[in-house]
Amino acid sequence: MILRTIVFLFALTGPVFAADRILTVGGSVTEIAYALGQGDRLVARDTTSTYPPEAETLPDVGYMRALSPEGVLSLAPDLIIAEDGAGPAETIDVLETARVPIIFVDDDPSADGLMKKITIVGEALDVPAEAAQLAAEVSAELDIARAKVENLSAGSEKKVLFILSTQGGRILASGTGTAASAMIELAGGVNANTGFEGYKPLTEEAVAAMAPDLVLMMDRGGDHGMAVDELLAMPALAGTPAARNRAVVRMDGLFLLGFGPRTAQAVTDLSEALYGS
Amino acid sequence: MAVDAAGSASGTVPIDERRARAWRLHGWLWLFLVLVSAFSLTIGAAGAQVRSALLTWVETGELDAAARIILFDIRMPRLALGLVVGAALAVSGAVMQGLFRNPLADPGLVGVGAGAGLGAIAAIVLGTALPVAFVDATGNYLVPFAAFLGGWATTLLLYRVSTRRGRTSVATMLLAGIALAALTGAVSGILVYMADDRQLRDLTFWGLGSLAGATWSKVYAAGPLIAIAFLAAPFLARGLNGLALGEAAAAHMGVALERLKTGAILIVASATGAAVAVSGGIGFVGIVVPHLLRIAVGPDHRTLLPNAALLGASLLVLADCISRTVIAPAELPIGIVTAVLGAPVFLWILLRSRGVVDL
């Protein structure tokens with residue numbers, strides 16, 4: 001009994017000296033932590049953290065906006081790094097009462113936002129040098145992709161429509177101000193749909209009128225997996241240049257929209273799909 | 001007094017014996033409540049951690065800080081909230097079934113749920129447009145407060161619509177309730193369309209119901225409203241018993257019908273409104289709990305209402321134990337747990353009473 005108590009007290013006081021029981025909340029934050037080589041310091045992750053595969057072996061504390069306070073405390077984390085929007089607020093209050101340090105990371109879908117994210121996570125993990133190096137690498141990759149696009153697209157930028165889902169034949173598409181829209185622009189394309197903000201149902205005629213050159217989708221879950229033929233046979237899309245050229249690109253959701261360290265790769269892939277390599 | 005061996009066929013049991021049995025059950029339910037409460041304080045995602053901290057406490061008298069937070073700031077307010085919400089839902093359900101003389105009635109019929117839902121959605125979606133100072137001042141309580149107001153406003157509107165010349169028509173209320181639910185659904189739809197992705201996730205989780213985020217302030221806010229309803233409920237019991245024979249018969253028995261209806265609606269709006277405001281949509285407790293008790297000890301509202309409060313409280317706390325632990329360290333919204341457990345029981349009750357009760 002006494003032995004168990006001592007072990008337990010050690011388990012509680014030990015981590016105070018160096019944060020090595022870390023909980024990361026948000027797919028991009030977890031990815032950055034792994035990219036910085038700090039994966040072995042994580043004790044848990046949230047549902048949105050699906051990359052790298054090692055992350056999926058960690059305990060899952062639930063969806064990032066519905067965290068349970070006891071669930072988080074049961075893992076005895078000595079540091080939480082969370083994407084902005086993690087919650088609910090009641091859980092955050094309890095965690096603050098329990099004096100668990102929480103660092104929130106701004107989640108701005110842009111190249112600058114990504115650099116800032118890497119810097120903050122690096123500082124939180126106490127590896128600023130590695131973070132600076134990672135940021136430089138990602139930034140260089142993005143620059144290469146951007147340079148290529150500037151040479152190739154001169155005046156003839158292609159229109160890209162991001163479709164979130166086609167559930168029941170209804171097209172739910174991205175407007176402006178989304179991660180998808182930011183990715184399209186980074187890759188040198190133009191967002192075909194600037195009619196609204198966020199992800200909303202798009203009327204069929206509008207799709208035809210936008211005449212997108214390429215349809216961009218995620219490749220997981222729901223009927224994102226709809227066959228290309230079936231997708232392009234939809235009346236809304238059938239007459240578009242995208243359908244004529246069978247230009248459909250599918251990418252993993254976190255890879256494409258997560259704004260983590262793989263963003264540069266996703267931008268390169270997308271711009272190659274648009275303009276060739 | 002001769003009780004036949006089959007026993008459970010309550011129709012043949014003498015009335016005194018049945019009442020005695022109901023009060024004996026009342027005693028057992030108190031015991032069950034205490035056991036369930038104690039159980040719920042001892043389990044959770046941080047189970048082993050808290051247990052060993054408690055053992056240390058027994059030995060040395062010092063309670064570890066982390067364990068203290070888990071016990072006093074997480075589990076206890078959550079237990080308290082589960083008890084009052086469970087009791088409120090079950091009692092409201094029993095009162096509604098008495099008032100509408102239909103075993104399937106639930107508080108949703110008087111528009112509480114739809115109105116509260118609209119209030120919550122409005123707060124989640126439009127909350128961001130409010131002045132920052134106001135949002136800061138209301139903090140986590142904007143959504144519960146808006147939900148409570150929405151529930152009350154809808155119920156009072158419905159009550160006004162179905163009351164003419166001082167007489168409330170239960171049938172009109174039922175139909176107007178459908179119309180009003182459609183209307184609140186339409187407004188909610190507009191708000192859902194306006195919502196961004198984060199708000200949509202919040203809306204979905206709100207609708208599933210949860211005792212997560214329980215705080216003492218929520219207990220203090222919802223508790224008194226629910227307590228007032230409990231104190232008033234026993235005064236309705238005789239009237240509801242009379243009403244079981246029909247409105248005309250009840251009036252001949254000297255039941256003050258209008259006062260009974262007004263009282264029942266106010267009690268339900270206040271108890272359910274408060275419960276829904278702090279916990280979102282939790283289904284089936286209000287239907288299944290009174291049903292089980294009617295099967296066990298008969299439909300007398302004088303014993304049904306207090307027993308429903310106890311059983312509802314215990315079962316919701318038990319459901320919450322499942323919700324907190326089954327996929328720990330994450331948690332399952334409790335509305336899913338009550339639906340998964342409650343719906344089959346409900347179906348079983350229906351099949352069992354098919355041909356006996358005309359629904």
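Colleague: Two residues are in contact if their C-beta atoms, placed from the backbone, lie within 7 Å. Take the contacts in chain A between residues at least 6 apart in sequence: what share joins residues at least 24 apart?

Modeller: 59% of them. Bear in mind that this is a predicted model: local features need pLDDT of at least 70, side-chain atom pairs count only at pLDDT 80 or more, and totals for chains, interfaces and linings use all residues. Residues are numbered from 1 along each chain as its sequence is written, while chains are lettered from A and ligands numbered from 1 in the order in which they are written.

Colleague: What does chain A average in pLDDT?

Modeller: 87, and 90% of the residues of chain A score at least 70. pLDDT is the predictor's confidence in each residue, from 0 to 100. Residues 5-17 of chain A fall below 50. Beyond near neighbours in sequence, that stretch has 11 contacts in the model.

Colleague: And what about chain B?

Modeller: The average there is 85, with 94% of the residues at 70 or above. Residues 1-10 of chain B stay under 50. The model gives that stretch 7 contacts beyond four places in sequence.

Colleague: Where in chain B is confidence lowest, and where is it highest?

Modeller: Lowest in helix α5 (residues 132-138) of chain B, at a mean of 70. Highest in helix α14 (residues 301-325) of chain B, at 93. Helices (H or I, at least four residues) and strands (E, at least two) are DSSP runs, numbered from the N terminus. For the model as a whole, ipTM is 0.70 and pTM is 0.80.

Colleague: How many helices and strands are there in chain A?

Modeller: Chain A has 13 helices and 10 strands.

Colleague: In what sense do β3 and β4 of chain A pair?

Modeller: Parallel, over 4 bridges. Strand β3 of chain A covers residues 79-83, and strand β4 of chain A covers residues 102-105. Two strands pair if DSSP finds at least two bridges between them. Ile80(A) has Ile102(A) in β4(A) as its bridge partner. From β3(A) the chain goes through α4(A) to β4(A), a right-handed β-α-β crossover. Right-handed means that, with the strands pointing away from the viewer, the path from the first strand over the helix to the second runs clockwise.

Colleague: Moving inside. What share of the residues of chain A counts as buried?

Modeller: 45% of its 277 residues. A residue is buried if 20 or more other C-beta atoms lie within 10 Å of its own, exposed if 12 or fewer, and partly exposed in between; C-beta atoms are placed from the backbone.

Colleague: How many residues are in the largest nonpolar core?

Modeller: That core has 90. A nonpolar core is a set of buried Ala, Val, Leu, Ile, Met, Phe, Trp, Tyr and Cys residues joined through C-beta atoms within 7 Å. Ile81(A), Val121(A) and Phe162(A) are among the residues with the most contacts inside the largest core. Helix α7 (residues 179-186) of chain A gives the most to this core, with 6 residues. Another core lies apart from it, with 89 residues, including Ala88(B) and Leu311(B).

Colleague: Which residues is Val121(A) in contact with, leaving aside its neighbours within four places in sequence?

Modeller: Val29(A), Ile32(A), Ala33(A), Ile81(A), Val105(A) and Ala131(A).

Colleague: Now the two chains together. How many residues does the contact take from each of chain A and chain B?

Modeller: 30 from chain A and 27 from chain B. On the side of chain A that touches chain B, α3(A) gives the most, with 6 residues. By class, that side has 16 nonpolar, 9 polar and 5 charged residues. Ala, Val, Leu, Ile, Met, Phe, Trp, Tyr, Cys and Pro count as nonpolar, Asp, Glu, Lys and Arg as charged, and the others, Gly among them, as polar.

Colleague: Then what is phi of Asp126(A)?

Modeller: Near 65 degrees, a positive value in a residue other than glycine. Asp126(A) is in the loop between α5 (111-124) and α6 (128-153) of chain A.

Colleague: Why does Asp126(A) count as partly exposed?

Modeller: Because Asp126(A) has 13 C-beta neighbours inside 10 Å. In chain B, Arg101(B) has a positive phi of about 50 degrees, although it is not a glycine.
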